[in-house]
Amino acid sequence: MSDDPTDVRAFFATRAADWDSRFPDDGPAYAAAVADLGLRPGDAVLDAGCGTGRALPPLRTAVGPSGTVIGADLTPEMLAEAVRAGRRGPGGAGTLLLADVGRLPLRDGALDAVFGAGLVSHLADPAAGLRELARVVRPGGRLALFHPIGRAALAARHGRQITPDDLRAEPRLRPVLAEAGWRLVSYVDEDARYLALAVRED
């Protein structure tokens, strides 16, 4: 699939209605990744490229009622499914924004953390997108790049082989993160999950 925003939007628009039912067992992996992000009550967190908002409930649990949870996605159909699933406040988990994560309508340093599930491979310019995420996070804030299955399992699902030029591979990801203002502090790529944790540099 192309990483052009128009193509990304079209790809997910046609899959939004049954997205959650296609991956019904991902909930525990999302909750574990959110726990690893180390959020505290009162924190402000963005789910970048939130899709149907599957991460929003565990993010809300982590930051509590005094915290702020924002889900941003560029596909209206995905956000509509998040609303249908009851993942928008009040009474839901967070505020939803129709926005490209490469140009967020948020002030500098507004957030304590960003959660990005399946995000980095869909960024048209990964370094610029990660730089924009760094802009909206305070120094010392955190980033989690997550997928509920690892790179090899995901490639096999799509009938492909894993390749060393994959941006999500640690040797490629670390310098891109550094260029964008992040320091990679933890990296896990197993069949059961993929999780890269980074800290916003001063």
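Me: How far apart are the mean positions of the positive and negative charges of the chain?
Reply: The mean positions of the 24 positive and 27 negative charges are 3 Å apart. Lys and Arg count as positive, Asp and Glu as negative, with His and the chain ends not counted; each charge is placed at NZ of Lys, CZ of Arg, CG of Asp or CD of Glu. By the way, this is a predicted model, where local features need pLDDT of at least 70, side-chain atom pairs count only at pLDDT 80 or more, and totals for chains, interfaces and linings use all residues. Residues are numbered from 1 along each chain as its sequence is written, and side-chain values use heavy atoms, leaving out hydrogens and water.

Me: Why does the radius of gyration agree with a compact globule?
Reply: The rule, over C-alpha atoms, is 2.2 Å times the number of residues to the power 0.38. For 202 residues a compact globule would come out near 17 Å, and the chain has 16 Å, so the two agree.

Me: What makes up 50% of the 202 residues in the chain?
Reply: Buried residues do. Buried is under 20% relative accessible area, exposed over 50%, partly exposed in between (1.4 Å probe, protein chains only).

Me: Why do the buried residues of H3 line one face?
Reply: Helices are DSSP runs of H or I, at least four residues, and strands are runs of E, at least two, numbered from the N terminus. In H3 (residues 27–37), Ala29, Tyr30, Ala33, Val34 and Leu37 are buried. Seen down the axis, they fall within an arc of 135° (directions from the axis to the C-beta atoms), so they line one face. Pro28 and Ala35 are exposed on the face turned away.
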